[in-house]
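Subject: Structure handover

Hi,

Here is the structure I promised to pass on to you. Could you open it alongside these notes and follow along?

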Amino acid sequence: MVSTGDTAPDISAKIGTSDHEPFELDDHLGDGPVVLAFFPGAFTPPCTNEMVAFQEHADAFDAAGATVFGISADSPFSQGAFREEHGIEFDLVSDMGGDAIRAYDLEMDIAELGLYGIANRAVFVLDAEGEVVYDWVADDPTNEPDYEAVLDAAESA
């Protein structure tokens with residue numbers, strides 16, 4: 001499990017739009033803190049609540065110099081529709097292959113919903129060098145993070 005003090009595993013994926021733009025975590029390190037918010041699935045109530053809450057805190061994260069990314073196993077098309085429907089302005093990252101989800105040891109199944117190989121809800125704040133300075137992993141994927149604690153970590157990074 002990735003935790004505070006670790007070097008964050010790299011992520012190579014796609015930005016959640018129909019353009020299939022590449023995403024490399026390394027490209028976003030060095031300019032300030034990075035917030036990685038893993039979530040199980042777009043359009044589910046807890047995930048919608050979480051991503052909307054991050055959007056509501058966007059100005060505060062911007063003021064801290066932090067960049068927020070939501071990461072799920074959803075397709076880029078689904079993530080693009082999700083962003084549009086809910087007014088999410090930060091990038092979502094499509095990890096359909098599950099490489100990042102497994103690298104962060106977050107893979108889980110919710111069999112009763114037919115969801116396999118998805119991300120557990122978790123948040124990591126990385127400093128400019130890519131060191132994890134804050135980690136939170138949900139005991140239950142319906143739980144949401146403490147947004148103020150995430151913001152405090154980003155401000156301190």
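F54 is buried, and F61 is buried too, where buried stands for under 20% relative accessible area, exposed for over 50%, and partly exposed for anything in between, computed with a 1.4 Å probe on protein chains only. One caution before going on: this is a predicted model, in which local features need pLDDT of at least 70 and side-chain atom pairs count only at pLDDT 80 or more, while totals for chains, interfaces and linings use all residues. Residues are numbered from 1 along each chain as its sequence is written, and side-chain values use heavy atoms, with hydrogens and water left out.

**Aromatic pairs**

For ring pairs I took Phe, Tyr and Trp (its six-membered ring) with centres within 6.5 Å; planes under 30 degrees apart are stacked, over 60 edge-to-face, and the rest tilted. That rule gives a count of eight aromatic pairs. One of them is F38 with F124: the ring centres are 6.0 Å apart and the planes stand at 90 degrees, so this pair is edge-to-face. It links distant parts of the chain, with F38 in strand 3 and F124 in strand 8, 86 residues apart. (Helices, H or I with at least four residues, and strands, E with at least two, are DSSP runs numbered from the N terminus.) F38 counts as buried because its relative accessibility is 0%, and F124 is buried at 0% as well. The rings of F54 and F61 have centres 5.8 Å apart and planes at 45 degrees, so that pair is tilted. Ring pairs also link F38, Y104 and F124 into a cluster.

Strands count as paired here if DSSP finds at least two bridges between them. Strand 3 (residues 34-38) runs antiparallel to strand 8 and is joined to it by five bridges. Strand 9 (residues 132-137) is also antiparallel to strand 8, again with five bridges. Strands 8 and 9 form a hairpin with five residues between them, and G130 in the turn has a positive phi of about 90 degrees.

I called a salt bridge when a side-chain nitrogen of Lys or Arg is within 4 Å of a carboxyl oxygen of Asp or Glu. The count comes to three salt bridges. One of these joins R121 to E50, with the closest N and O atoms 2.6 Å apart. R121 sits in the loop between strand 7 (115-119) and strand 8, and E50 in helix 1, so the pair ties together parts that are 71 residues apart in sequence. R121 counts as buried because its relative accessibility is 1%, and E50 is buried with a relative accessible area of 0%.

**Around helix 4**

R102 and D99 meet in a salt bridge at 3.0 Å, N to O. Both lie in helix 4, three residues apart, about one turn of the helix. R102 also meets E107 in a salt bridge, at 4.0 Å. Through shared partners, D99, R102 and E107 are joined into one network. How open are these side chains? R102 is partly exposed at 41% relative accessibility, E107 is partly exposed at 45%, and D99 is exposed at 51%.

D95 lies in the loop between strand 5 (91-94) and helix 4 (99-103). It is buried yet has no salt bridge, and R102, the nearest side chain of opposite charge, is 6.7 Å away. (Lys and Arg count as positive, Asp and Glu as negative; His and the chain ends are not counted.) The side chain of D95 does reach the backbone nitrogen of D99, at 3.2 Å.

Happy browsing!

Technical notes. Polar contact = N/O pair within 3.5 Å; in protein donor to acceptor, adjacent residues only side chain to side chain.
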